[in-house]
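Hi,

Here is the model I said I would pass on.

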Amino acid sequence: MKIISQISRQLTGIVTISCLCLTSLSLSAATELRIGLSGEVTSLDPHHLASQPNLTVARHVFESLVDVDTQNRLIPGLALSWRAIDPHTWEFKLRKGVAFHDGSPFTAQDAEFSLQRPLQLKSPSGGFAAYVRAIASIRIIDTHTLQIKTKSPYGALPEDLNSILIVSKKHAVNANTDDFDSGRAMVGTGPYQFVRYQRGDRLELSRFSGWWGTPPAHDKVTLRIVPSDPSRTAGLLAAELDMIEHVPSADIKKLSKNNQLKVIQATSWRTILLHLDQYRSPSPYITDLNGSLLSKNPLQDKRVRQALSFAINRLAITERIMEGLGMPAINFVSPPSFGYQTTLKPETFDPIAAKQLLTEAGYPNGFQLTLSGPNNRYINDDQILQAVAQFWTRVGVRTTVEALPMSTLLNKVRKEETTITLLGWGSFAADLAIRSLIATTNSEKGYGAWNWGRYSNSKVDQLMTTALSTIDRTKREALAREASILAIQDVAIIPLHHQVVSWGLRSGLSYTPRTDEFTLAQHVTIR
Amino acid sequence: MLRSPILIRISHSIITLFAMSIAVFLGVYALGNPVDLLINPQANQIERAQMITQLGLDQSLWVQYQRFLSAALHGNWGISFDSNTSAWSLIVERLPATVELALCAMCIAIIIGLPLGLIAGLHPSRWYSRLIMNGSILGFSLPTFWVGLMLIMMFSVWLGWLPSSGRGATTNTLGIPLSITTIDGLMHLILPAINLALFKLSLLVRLTKSSTTLAMLEDYVRYARAKGLTEHTIIIKHVLPNIAPPIITIIGLELGGLIAFAIVTESVFSWPGMGKLLIESINMLDRPVIVAYLMMIVSLFIAINLIVDTVLIMINPRLRKQALSLQSSLA
């Protein structure tokens, strides 16, 4: 028996070593990069659905006029420069010498077509229209100059244009989603070109030799779709994948200790926050400790909101529950973003002050409420909900947790059946975040579309509107910061933390982690 | 007038399909509004309203059902909200992968399960029979998810013998992309097929064992032995055909279940089949796909059961004669 087990152990060792040798040999021969993506790709049409997985794969084949660097700041993309020649008109100078994958040159006509396509798509689209909504008209000045007129002065046009990818007019005119999924219309200006797409399995790309930028390190890229967290990690451990995105929090320590692999992290643009019901009095689901409805909505009292914020130990959440994948937050946007205010500091954990404030506000014994949130959307979201509920219960606000799949939660929110709700929000700029999250709800202008608590502060609205219509970026950032300070001091929402995004790679590769969470093969280099 | 049992079955099936379509439609409607998941967070309320109208979600439930039914009868099962392609083509695209996996798993379960169950049933008190039965308990107790991950850990990460996820290279056989025809495809197929087969294998082992034990006690076996037939002949010619009906019925039902609900295995191994499509559609509230999928599954179950019933009639000499004589009297 002993001999058999010894022999089998040796055999296993030999087999493993030979397999590793074979794989390493094959890796050094061809420069192929195999990436494990964490979300399902639904369509290759870059203007169909604005989901992170769809945009991730699209950004290998297509590019936008305005690009974004790893620190969430705008840089030239297919447009070399842009400026506002008057409050209503922006002039974009396009990059010369850029070719599409079929060899035809990129001109202003393709840009104009791509900017108009989201509104013309007859199929139900995932709301790319929102990014071109501000555009009144587009004028082609010459083959490489474009003038865009906005309906009203709008300083965030460059940010919006980052989300519109430029397609070849020749191939995409009258193209529907099937044309993109089959590859016929997948002609872009990006560093990689389409080879093969197997829905639900993988997308294969090969390097485009005529790309205008620095040639990427890998000839072949395979984007594998592996939404199951353990399978993705196993793929990296088994050397079947060279890189994976979104390393599960429980595996980060183990992968970091592995000599063959490394884990890189960056603060993501996503902020996890709590919306508080501030528009209804009484609030239908806030009761006293005996279960009878409170006549007044306690959340409308700033002291109560402040108390709830003090009661949360954000460090405990980020260190224990997020296992390091979070950074306590106070701003709407994460540190490198436009409008981040460095003088604001995350709320300190102070349950005594919390209890004091509650007593001052007239709730010495606390009250009861329900905390709602998703359980399948953000990193460890349901655990965050449970932790927050416990922190609040300790200071006297007895909290019940309602964790639902995102689809069901959104349904409840639209029906106004929640009191305090968790949401994650990623944005380039503080004023854009404020516009969606806490601006007074206005369906015509599109303000406050995600203002679940219906917070309304006319001063904040004013600052936000002025900021967005300011073309000068320095002035605009100052206004955005001012609006943020005002809103945060008034506890419009309770920010919890900024997520930290992680990637796992083979040690021989190098990637600068991105704030916008995108995994782009063209930026992966070989050390 | 004699009515053919086949026609009766078919009319029942149509009624079932109709009832299922209503149940499915209502159930999916209750899940929530898909627009909330599809709409870009930056979109405003007007764009949202536009999208709702575009998708036809502003109509009353009854109107939506009518539109769905009339389109379905014309072969149009709706456009997926997420992928913007026809729901039917999405399912058909993924069908070969799932059917391939399900059939392989079923084959493994039958080829290993039946003989093991037979052996255990013939000599129930021997040590190997007891081993087989205890093994079968493990087989259906261990959760599929866990077993799949353990298989990946052992064979992909530690030993590095087999790939951890995905489907291998495919070749077009009769217009259908099959991966079983290539070595790479087979390597990718082994682990998920074993994972999927484990539960069914255990079920078959136990079923075969109990049927065999009971059959061996029957009178006809004693008479056959008295006649002088060898054990071998008794088992193959007499016992097997008699224990076949319940086993074939179960296999048919389980096959339908394998094709429809190999969700866990497909998720763990990232196998691009219909199960993963279903889960993703439920998460994203892609109603056309969910509805088309469920209707397809119902049709599949009905078809499989029809085939199983026919096979049972054919292998039973008494029923076979009855069915054939009915045919001739009708003619």
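To start with chain B: what percentage of its 331 residues count as buried? The figure is 38%, where buried takes 20 or more other C-beta atoms within 10 Å of a residue's own, exposed is 12 or fewer, partly exposed is in between, and C-beta atoms are placed from the backbone.

Before the rest, some housekeeping. This is a predicted model, where local features need pLDDT of at least 70, side-chain atom pairs count only at pLDDT 80 or more, and totals for chains, interfaces and linings use all residues. Residues are numbered from 1 along each chain as its sequence is written, while chains are lettered from A and ligands numbered from 1 in the order in which they are written.

**Chain B**

Its secondary structure comes to 14 helices and 2 strands; these are DSSP runs, H or I of at least four residues for helices and E of at least two for strands, numbered from the N terminus. The C-alpha trace spans about 85 × 70 × 35 Å along its principal axes. Of the chain B contacts with a separation of 6 or more, 70% are between residues 24 or more positions apart (contact: C-beta atoms, placed from the backbone, within 7 Å).

One helix pair to look at is α5(B), residues 87–122, with α8(B), residues 183–216: their axes come within 6 Å and cross at roughly 30°. Axes here are lines fitted to C-alpha atoms, for helices over the stretch in contact, with angles from 0 to 180 degrees between N-to-C directions. The crossing is right-handed, i.e. the near helix is turned clockwise from the far one by less than a right angle.

**Chain A**

There's an open sheet of 4 strands here, in the order β5-β6-β8-β7 with antiparallel pairing (strands pair if DSSP finds at least two bridges between them). β5 (79–86) and β7 (135–142) are the edge strands, each pairing on one side only. Neighbouring strands are turned by 20° against each other on average, direction ignored. Inside the sheet, β6(A) (89–94) and β8(A) (145–150) are joined by 5 bridges, with A:Glu91 partnered by A:Gln147. Helix α3(A), residues 108–120, lies across β6, β7 and β8, at about 170° to β7(A).

A:Tyr197 has A:Leu203 as its bridge partner. The two strands have 3 residues between them, and A:Gly200 in the turn has a positive phi of about 80°.

Cheers

Notes. Two residues are in contact if their C-beta atoms, placed from the backbone, lie within 7 Å.
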